[in-house]
Amino acid sequence: MKILLYILTTLLTDLYFFPIEAQALPGINSKMVLAALGLVWFIINLTGKHRGKLDTGFSTLSLIALVISIISFASVTINNTFDDTYVTYIVSMWVWLGGAYFVVQFIQAVHGRISIELVANYLIAVCVAQCLVSFIMTQYTPLRNWVDSTLGGEAYMRGYEDRVYGIGAALDVAGIRFSGILVVIAFLTANLKSHNTNSYFSWYVLSFIFITIMGSIIGRSTMIGAIIGLCYWTFIKQPLSIKNIVGRRWGMAIAILLITITTGIYLYNTNNTFHNNIRFGFEGFFSWIETGEWRTNSTDILKTMVVFPESLHTWLIGDGYIENPSNNPEIAPYYTGEIYPGFYMNTDIGYLRFIFYFGLPGTLAFIALFVCAFYILQRRFPAYRWLFLLILAVNLICWIKVSSDIFPLFALFLCISPSEARNSLDANTLAAAPA
């Protein structure tokens, strides 16, 4: 029964973190269902056990989200557009929080406790499972055909035909979430106390390697999290010093890495699909080794997307478009401007897309939302300050490449009660992080 409950909990976490939409129920995804269940659970806790109280942090986040929605509404109204992507952002934020609340409460009900580590472990398991499923789908066509025939929704739920994807995990949206989990793994690995079992350490290292490899094949934004995690290990926590590497734990890590490299080389030389996927996921490394120059097709394209607004109006309130108006059937009939091959203004750079949508005020408000989430969490859980700072760094750096955000990860940690987490059995498993 425990094993079945753990599997169910992992599945629910996956349906939240990588929401899916069935073709039979268009417009309703798993995140929305979990949010509705979370609202019911919250009301029960509020009226029964009095555990549904909201603190001022949620009010502050809601206020900032409301400002984002108001600025978005002003932009589309003044510009007379029909792109309401962020007009209802406050609703979207609370849907994410509602789904996160249900997942966190379910984890606590199953384990009788809750902690940052416990939630993180489920997220790691989910990402490893998604990467494993995506690999199987590249080798077993019937599974891929079944997924394609079952899932609907946006492109981030199901990738394009020529891209590797999981179940609800595709493209750069999956990549930025994989990046977030990689820095979580880096933090947990570096802060495990010496008396902790080595099994956790081995699991974290193996997960870090596997998610980095398969995650980069799904969305190359994954590499951002891997690099940030390695920088944290090297320059901040410094578990990669000679003293630590010669220890048993890093000996196991090196053994895992060698086995992974050996397996990867074998598959690279014997499996054509894996060969092509690896070359795509790590295109920059292959270019550097083979030509001496770090280049990827996506970075070459990204360089052509640096387009700044030419009018003060756009800087202040935006143009009211974040999607390509000529590709949106609801907007296209009313659009008379220039036709772009990709996104609006032919740029996929996150910061520029925000500026073109709701100007600098909206962009700064959006940044403030994530900075505020970081500030709330580091106040609640001081020992995990570096963890939340790493997640924030992932979000802000990824916006240089894409406009996807990492709020779903913040939302899960925001729904953890500090008092209940302090009483958790996991409360002393981590060494105190540096202030």
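**Basis.** The model is predicted: local features need pLDDT of at least 70, side-chain atom pairs count only at pLDDT 80 or more, and totals for chains, interfaces and linings use all residues. Residues are numbered from 1 along each chain as its sequence is written, and side-chain values use heavy atoms, with hydrogens and water left out.

**Overall.** The chain has 19 helices and 0 strands. Helices (H or I, at least four residues) and strands (E, at least two) are DSSP runs, numbered from the N terminus. Of the 435 residues, 51% count as buried. Buried means under 20% relative accessible area, exposed over 50%, and partly exposed in between, with a 1.4 Å probe and protein chains only. Contact means heavy atoms within 4.5 Å. Among contacts between residues at least 6 apart in sequence, 73% join residues at least 24 apart.

**Helix α5.** This helix runs over residues 116–139 and has 24 residues. Its first and last C-alpha atoms are 35 Å apart, close to the 34 Å expected at 1.5 Å a residue. The expected span is 1.5 Å times one less than the number of residues. Helix α5 is mostly covered, with 17 of its 24 residues buried.

**Two helix pairs.** Axes are lines fitted to C-alpha atoms, for helices over the stretch in contact, and angles run from 0 to 180 degrees between N-to-C directions. Angles under 35 degrees count as roughly parallel, over 145 as roughly antiparallel, 65 to 115 as roughly perpendicular and the rest as oblique.

| Pair | Angle | Axis separation |
|---|---|---|
| α5 and α7 (residues 171–191) | about 130° | 10 Å |
| α16 and α18 (residues 407–414) | about 30° | 10 Å |

The angle between α5 and α7 therefore makes them oblique to each other. Helix α5 passes α7 in a left-handed crossing. A crossing is left-handed if the near helix is turned anticlockwise from the far one by less than a right angle, and right-handed if clockwise. From α5, the contact uses Glu117, Ala120, Asn121, Leu123, Ile124, Cys127, Gln130 and Cys131. From α7 come Phe178, Ile181, Val184, Ile185 and Leu188. These residues divide into 10 nonpolar, 2 polar and 1 charged. Ala, Val, Leu, Ile, Met, Phe, Trp, Tyr, Cys and Pro count as nonpolar, Asp, Glu, Lys and Arg as charged, and the others, Gly among them, as polar.

Now the second pair. At about 30°, α16 is roughly parallel to α18. The crossing of α16 and α18 is left-handed. Helix α16 contributes Phe370, Ala373, Phe374, Ile376, Leu377 and Arg380. Helix α18 contributes Phe407, Phe410, Phe413 and Leu414. By class, the contact of α16 with α18 has 9 nonpolar, no polar and 1 charged residues.

Asn121 sits in helix α5. Asn121 is buried, at a relative accessible area of 16%. Not counting residues up to four places away in sequence, Asn121 touches Leu188, Tyr200 and Tyr204.

Thr9 lies in helix α1 (residues 2–17). Thr9 is buried too, with a relative accessible area of 1%. Leaving aside neighbours within four places in sequence, Thr9 is in contact with Phe106, Ile107, Val110 and Tyr122.

Tyr344 is in the loop between α15 (312–317) and α16 (350–380). Tyr344 is buried, with a relative accessible area of 9%. Tyr344 and Ile322 are 22 residues apart in sequence and 6.0 Å apart in space, C-alpha to C-alpha.
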